[in-house]
Amino acid sequence: MAKRISESLITKIEGHGSLHVDWEGRKAKLHVVEGERLFEGILVGRTAEEVHWITPRICGVCPIAHNLASVKAVEDALGIIPNPTTVLLRRLMMTGQMIQSHVLHLFFLALPDYIGLDRATELAEKDPKAFGRALRLKEVSDEIAFCIAGRNVHPTTTTIGGFHKIPDKSSLQRLLRMLEKTSPDASWTARLFTSLPYPELDADLELLSLKGDGYSIYDGDTISSSRNDDTSVKGYKEAIEEEVREYSTAKFGSYRKREIMVGALARIAINGKGLGQKARKFAKSLDLNNPFHNNLAQAIEILHFHEEAIMLIEKLIEEGMDGTVVRPSINPPLKGIGAVEAPRGGLYHEVHLREDGKVTYANIITPTVQNLTSIEKSSQTLLDSNPAASKEELKRLMEMLVRAYDPCLTCSVH
Amino acid sequence: MKNLYAPIRARVTRIEELSENVRLFRFKKDRGRFAKNHGGLTFIPGQFVMAGVWGYGESPIGILSSPYEDSFMEILVRKVGVVTNALHRLNVGDEMTIRGPYGNGFPISSFEGKDVVMVSGGCGIPPIAALIEYIIQKRERFGRVYLLYGAATPEDILARKRLDTWGRHINILLTVDHPSPEWKGHVGLVSEMVKDIEINPLNAVATMCGPGPMMTALERILRPLGISDRRIYVSLERKMQCGIGKCQHCVTGDSYVCIDGPVYNFDEIDKNWD
Amino acid sequence: MQREAKKLKVGIFDFTDCEGCQVKLVSLRERLLALLERVEIVNWRLGQEKNRMDRFDLVLIEGCPITQDEIDLLKLLRERSTHLIGFGTCATMGGIPAIMDQKERAKWYNKIYGPQYKPRGIDSLPLTSYVKVDFLIHGCPVDENEIVRVMEELLSGKKPAYRGYSVCFQCKLAGNPCRLINGKPCLGPVTQGGCGAICVSGGSPCYGCFGIRDTAQIEGLLDILKGMADKEEIERYFTMFLRYTKEYNEIVRPFMERENG
Amino acid sequence: MIKNYKMEPVIERNSIPSLLKILSSDYSIIAPQERNGEVVFDDLKDPECLVLGYKVTILPPKKYLFPPEEILFTYSGKGVRTPSITSKKLLIFGLSLRDLEAITQLDEIMSTPHPDYFYWKRRSRSILVGVTDESVHAPPGGDLILERMDDELYRAIPLTQAGKKIVKGRFFKKQDILPHKGEGNQVMEELRKLLLDPETLAEAVKWSRAEGHPVWEELGKRCIGCGICTYVCPICHCFSMENSVSLDGSTCTRCRKWDACTLPGFARIAGGYDHHPSQKKRYYNWYYHKFVRGYKEYGKSQCVACGRCQTYCPARIDIEKELLGIVKDYREACG
C-alpha cells in the first residue's frame with residue numbers, strides 16, 4: 001500500500017502519477033493518483049471576489065495563471081473591461097509566472113535528466129556558476145511576482161476590475177535594474193538548452209495554443225491549432241472535451257476528439273512570429289514533432305519573457321500608471337470565460353454568478369488535462385519506435401518524456 | 001555606554017547530575033575572576049545571573065555557590081524550557097554565557113544579630129545555599145539559624161554533601177514526602193517540624209524560597225512562629241528578558257523583579273495586584 | 001555554540017495539494033543550499049530521483065491526506081520519523097480543500113466525474129486527524145523566513161515555538177490601514193503572526209492561514225465582525241482555512257448558533 | 001516664554017521643502033507622508049511629498065529610535081560583535097507636540113536605571129523638528145519647533161544648538177510677529193486635562209481594580225489582545241529577545257523585538273505558569289503601567305493623549321472615555 005505509491009511515483013514532476021506499462025501487450029498508461037479536491041464544487045456558493053483567491057491554490061507552480069484566468073472570467077461575467085495599466089501589469093505578472101515556472105521545471109526537474117545528475121542541487125556543487133545563474137533567474141521572476149502580485153506564490157494584490165494596489169515607480173525601476181542584470185543569464189539558458197542531447201522522437205504532434213496579437217499569453221481570444229483548425233475561446237467547452245478514465249483522478253482531454261499538445265512548444269509553433277528578437281533566433285532549432293523539444297521551447301520562452309518584462313516595465317514607467325479599479329457594468333451577463341496561456345498551456349476558467357455575486361457554476365480546464373492524452377500517445381510512440389531497447393532504458397526514456405511535457409498533475413486534478 | 005544586553009563568556013568547569021531534571025553547573029569566567037564588592041563578596045546571596053547559551057537565550061537563575069568564592073560560581077538548572085534544555089546539553093569545558101549578577105539579594109546586614117529561619121523546598125535551595133555559606137563565614141554574628149528543607153523523595157534533596165557541612169554550623173531539619181527504605185529522617189510536611197524550632201520571634205528573620213505550595217507553608221510555619229510579615233523574605237520567580245529593568249516582563253505591581261527583587265518582604269508582595 | 005555532528009535525515013513528502021509550499025522551499029535559493037549542507041535529504045519526490053524509505057529524523061509533510069494511500073503513508077511516516085512536521089495550511093489545517101466536508105464532497109464527485117466514477121478521495125482533514133504531529137508550519141503558502149526560523153530552531157535542537165503575536169504586529173509595521181476599522185472583515189487579530197501581513201498589505205483579507213494564535217480572543221473579534229458582516233460572510237471567512245480548528249468548532253460555531261436563535 | 005512683538009525667526013511654508021532638500025545633504029530626513037490613505041513617518045525621498053497638518057500617524061516616530069526589530073549582538077566562534085550604528089544622522093521632521101513630549105519621556109525611560117545603548121546610539125545621532133498648528137507655550141522637547149502662524153508662515157522656536165544652527169540658514173528671516181492664538185489639537189482634549197493630575201489618575205485606576213469596578217470585566221471581554229495599542233503608542237517600550245543560531249550553524253544572534261503586554265505569554269514563565277493568565281489581567285496591566293507604575297517611577301502618566309490607541313483599536317476601545325468614566329466614579333466614591 002503505502003510502499004507501493006511512494007516507490008512507483010514519477011519523481012521530479014508536479015503531482016502524483018505513475019507510468020504503467022504492459023510489457024507483453026506493449027501498452028503504456030499514465031495513472032494519475034492525486035487526490036480530488038473538487039475546486040469546481042468548492043467555488044459554488046463563494047463570492048465573485050473569492051474566486052481568484054481560491055483558484056490559485058489549484059497549483060502553487062502556476063498560481064498567477066489561475067488567479068488571472070479567474071479574474072478574467074469574473075470580469076467577463078460582470079461586463080468589466082479593465083484599464084490599460086491593469087492589462088500591462090497583468091501581462092508583467094504573467095512574464096514573471098512563465099519564468100518562475102520554467103526555471104523551476106528546467107533547472108530543478110528536467111535538467112538533471114540530460115546531464116546525468118540525480119538532483120538539481122548536485123549542479124550547485126559541480127557547476128556553482130551555472131547554478132547561480134538559475135538562482136538569479138528564479139530570484140528575478142519571484143521579484144516580479146512579489147512586486148506586482150504581492151507574493152511569489154498565490155497573489156494578494158489582484159482584484160476584479162484592476163488591482164487593490166499597484167506598485168510605485170521606484171519599485172518598478174528596481175525590477176528593471178534586476179532584469180537588466182540578469183539578461184545574460186536568460187540568454188545563457190537558451191544557449192544551454194539548445195546544446196542538450198534531446199532523444200529523437202517523431203510523435204506527429206498537433207499543437208494547440210491561444211492566439212491573439214503578438215506572443216499572446218494573457219489576452220488571446222482564439223484557440224489555434226497547428227493543423228489550422230481554430231475555435232473562438234467562447235467555444236472552448238465544445239472543442240476541448242474531457243473524458244473520465246477509471247485509472248486516473250485526472251480527466252483526459254482532447255481537442256475535437258484529437259490528441260493535442262499544449263505548452264511552450266505549441267505557443268512557439270502558433271505564435272512564433274511574436275517572439276522577441278533575441279528569442280526568435282533560437283526558435284529555428286526546434287523540432288515541432290519532438291515533445292522533448294518542449295524543454296528547449298521553455299528555455300527560449302525564458303529569454304522571450306525576460307525581454308518582454310523589460311519592455312512592459314519601460315512602458316509602464318513611460319506611460320504612467322492608473323490604479324483605478326473598474327466597477328461592474330449595469331446588467332452584466334453574469335456568465336463569463338477567462339482564458340490565459342499558463343506555463344503549461346491554455347487554461348480556461350468559466351464562472352456563472354447570481355445577482356448577489358455568489359458563484360452558481362464553475363468549470364476549469366487545465367493545460368495538463370489537455371496534455372495527458374498526448375503524453376500517453378507519445379509514450380506509446382516511444383515504446384513502438386524502440387523495439388530493441390531494454391525495459392530499464394525504456395522506462396528511463398518514458399519518465400524523461402513525461403517530464404519533458406512538464407505535466408502538472410496537481411493542476412490536472414483540481 | 002555599554003551594550004548591557006551582550007553577555008560575557010563563561011566556561012563550564014563542573015556538572016553534577018542532581019536528579020533527572022536538575023543539574024548543578026559550576027562555571028568560571030573565560031578571563032579573570034569574578035569581581036568582589038567592598039564587602040568582599042562576588043554577589044549578594046539572593047541575587048541571580050542571566051545564564052545562557054549562545055543562540056539559545058538566557059534565563060534568570062539564582063546563584064548557589066558561596067559569595068566569597070571568586071574563581072567560580074554555581075547554579076542549579078532545572079530543565080523546563082529552551083534555555084535550560086540547551087544548558088543541559090553542555091559538557092564540562094563548553095562555553096556558556098553570563099550576565100549579572102542582578103537583583104537586590106537578601107538585606108544581609110540587617111540579618112546580623114538575629115535568629116534566622118530559612119524554609120526551602122525542591123529547587124528553591126540556591127539563594128538559601130548562598131545565604132548559608134555567607135552566614136557560616138560570619139557565624140558568630142547571627143543567633144540561632146535553622147534550615148527547614150522539604151523534598152518529594154530523598155533523591156530530590158539537592159546539595160546533600162553540602163548539607164552535611166552546613167549541619168556542623170546551623171540546625172538543619174529535613175523532611176521528605178515519600179521516603180526510601182533507607183531514609184531515617186522525618187516524613188511529612190515541612191510545617192510539622194515547627195515544634196523543633198526555638199527562636200525569639202521578635203528578633204528573628206525568615207526566608208522562603210521554592211515552588212508555589214511552599215508559600216502556603218507560610219501560614220503553617222512562619223506565622224505560628226510569630227515572625228511578622230515584614231521580616232519574612234521571599235524570592236520571586238518571573239519571566240525576564242533584559243534583566244535590567246527595561247523590558248517590562250517581570251513587573252509585579254509597582255516593582256521590577258529583576259532590579260527591585262527577586263527578594264521582597266512578604267508584606268510588600270502581598271499588596272501587589274499581580 | 002552547539003552543532004549536530006551528524007546530518008539530520010530528512011524526508012519531504014507531499015500529499016494532495018498545490019505544491020506551492022515546496023515552491024516556497026525552492027524559493028529559499030541560497031538559503032536552501034545552506035540548509036542542504038546541514039541535512040541529508042533521503043526522500044524528496046519533487047526534488048530528486050533516488051529516494052529511500054528508511055528512518056527519518058525529520059519529515060516535512062505538505063498537503064492534505066485525502067486518499068487512503070496518503071493516509072497509510074502518513075501513518076507509516078509517523079512510525080519512521082522522530083519529528084513529523086506539517087508544512088503549509090493543507091497539512092496543518094486541511095487548507096482550501098477543507099472548505100468542503102465529506103458530505104459535500106460526495107455530491108460533487110457525482111457532478112464533476114459522473115455517477116460511474118469511483119472516488120479515491122475520502123475526506124480533506126489535517127494531518128492531526130490521523131497522527132500526532134510535532135509542529136505545524138502554517139501558511140498558504142508558508143513564508144520563507146518562517147521556514148528558515150523553524151529549521152534553525154530544529155537544527156539547533158530547540159523545540160520550535162509558535163509566534164505569540166498576531167498578524168496585526170507586522171500589519172501595523174507595514175503601515176496598512178486597518179481593515180476592521182474600515183468596516184471590512186479580517187481575521188488578523190486572532191491569527192498567528194509571522195506572515196508579514198502579506199495578504200492585507202496586498203489589499204486582500206486575512207483568512208487566518210497562519211493558524212489561530214495562542215489564547216486568541218475570538219469572541220471579542222466575533223463581536224466586532226457582527227457589526228460589519230452577516231452570519232454567512234463571517235462563516236465564509238472562518239471556513240476558508242479554519243474549519244477544522246478547535247476554536248472554530250468550540251467558539252465560532254456555537255456563537256453562530258446563538259446568534260441565529 | 002514668548003514675548004509679544006519681538007523680532008522672531010520665521011520661515012515661509014513654501015520654503016520648507018527647499019529647507020529639507022538642503023538639510024538632506026547632512027541628514028537622512030524622516031517625515032510624515034501619505035501611504036494608502038494613511039499618514040506615516042517614512043524616508044522623505046521627495047520633499048514635495050511632505051504632509052503637514054496631519055491628524056496622527058499610524059506608528060509613532062519611536063520606530064526610528066527604538067526599532068521594531070534590532071540585532072543586539074552576533075556571536076561567532078571569534079567573539080561577540082555589537083552592531084555599529086553609524087548610518088547618516090537622522091532628522092525627524094514634522095513631529096507633533098505630543099510626539100515630541102513622548103520622546104522626551106522615552107529619553108527618561110531609556111536612561112533609567114541604565115542608559116540603553118541602542119536607543120541612545122540612535123537618539124544621539126538624531127535631530128527632532130516639530131511642526132504644529134497649536135500655540136507653543138511650553139515646548140515639550142526636540143531641537144526645533146515650527147509653529148504655524150497662518151497659512152503662509154511658521155515661527156521657528158529653536159531649543160538646542162542644533163536647532164539654532166538650522167534657523168541660521170537662509171530660509172529663515174526675522175520678523176515682527178503677533179502672538180499667535182493656535183487652534184489647538186482637538187484630539188483627546190479631555191484626557192489631556194486628566195493628565196495634568198497624574199496622581200488622581202493613578203489613584204483612580206488603582207481604586208477601580210481594588211473596588212472591582214465592572215469596567216475591567218467589560219474591557220477584558222472587548223479587548224481582542226491584538227497588541228495594536230502598544231505598537232502605536234509613542235511611549236510603550238516592552239520588548240522580547242529572540243535568539244537564533246544561523247542556518248549554517250556559524251553565528252548566533254540575539255534580536256530584540258517589540259512585544260506587547262496585552263499578548264498572552266507576556267508574563268508566562270518557562271514551565272507554563274502565567275502571572276497574567278487572562279485578557280482582563282493583561283489589559284489592566286497596560287493601564288497600570290501607564291497610569292500607576294509610570295507615575296510612581298517618573299511622576300507622570302506614560303501617556304501624551306496622542307489619540308493613536310483610540311484611533312487604531314479594532315475593538316474601538318476609547319481610552320479617553322474609559323479613563324474619564326473611571327475618574328468620575330472614583331471622585332464620586334472617594335471625593
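## Cysteines

In this predicted model, A:Cys147 has a relative accessibility of 16% and therefore counts as buried, the cut-off for that class being under 20% relative accessible area. D:Cys49, by contrast, is partly exposed, its relative accessible area being 38%.

A disulfide is a covalent bond between the sulfur atoms of two cysteines. With a pair of cysteine sulfur atoms counted as a disulfide when they lie within 2.5 Å, the count over all chains comes to 0. A:Cys147 takes part in no disulfide, and the cysteine sulfur nearest to it, that of C:Cys199, is 17 Å away. For D:Cys49 the closest cysteine sulfur is the one in A:Cys147, and because the two sulfur atoms are 18 Å from each other, they are too far apart for a bond.

## Fold and dimensions of chain A

Chain A contains 15 helices and 12 strands. Its radius of gyration is 21 Å, close to the 22 Å that the globule rule gives for 414 residues, so chain A is as compact as a globular protein of that length. The C-alpha trace of chain A spans about 65 × 45 × 45 Å along its principal axes.

Of the contacts in chain A between residues at least 6 apart in sequence, 74% join residues that are at least 24 apart.

## Burial, surface and charge

Of the 414 residues in chain A, 67% are buried. The accessible surface of chain A amounts to about 14,000 Å², and carbon and sulfur atoms account for 50% of that surface.

Chain A carries 51 positive and 55 negative side chains, and the centres of these two sets lie 2 Å apart.

Conventions
Residues are numbered from 1 along each chain as its sequence is written. Chains are lettered from A and ligands numbered from 1 in the order in which they are written. This is a predicted model: local features need pLDDT of at least 70, side-chain atom pairs count only at pLDDT 80 or more; totals for chains, interfaces and linings use all residues. Side-chain values use heavy atoms; hydrogens and water are left out. Helices (H or I, at least four residues) and strands (E, at least two) are DSSP runs, numbered from the N terminus. The radius of gyration is taken over C-alpha atoms; the globule rule is 2.2 Å times the number of residues to the power 0.38. Buried means under 20% relative accessible area, exposed over 50%, partly exposed in between (1.4 Å probe, protein chains only). Contact means heavy atoms within 4.5 Å. Accessible areas come from the Shrake-Rupley method with a 1.4 Å probe; for residues, only the protein chains shown count as cover. Lys and Arg count as positive and Asp and Glu as negative; His and the chain ends are not counted. The place of a charge is taken as NZ of Lys, CZ of Arg, CG of Asp or CD of Glu.
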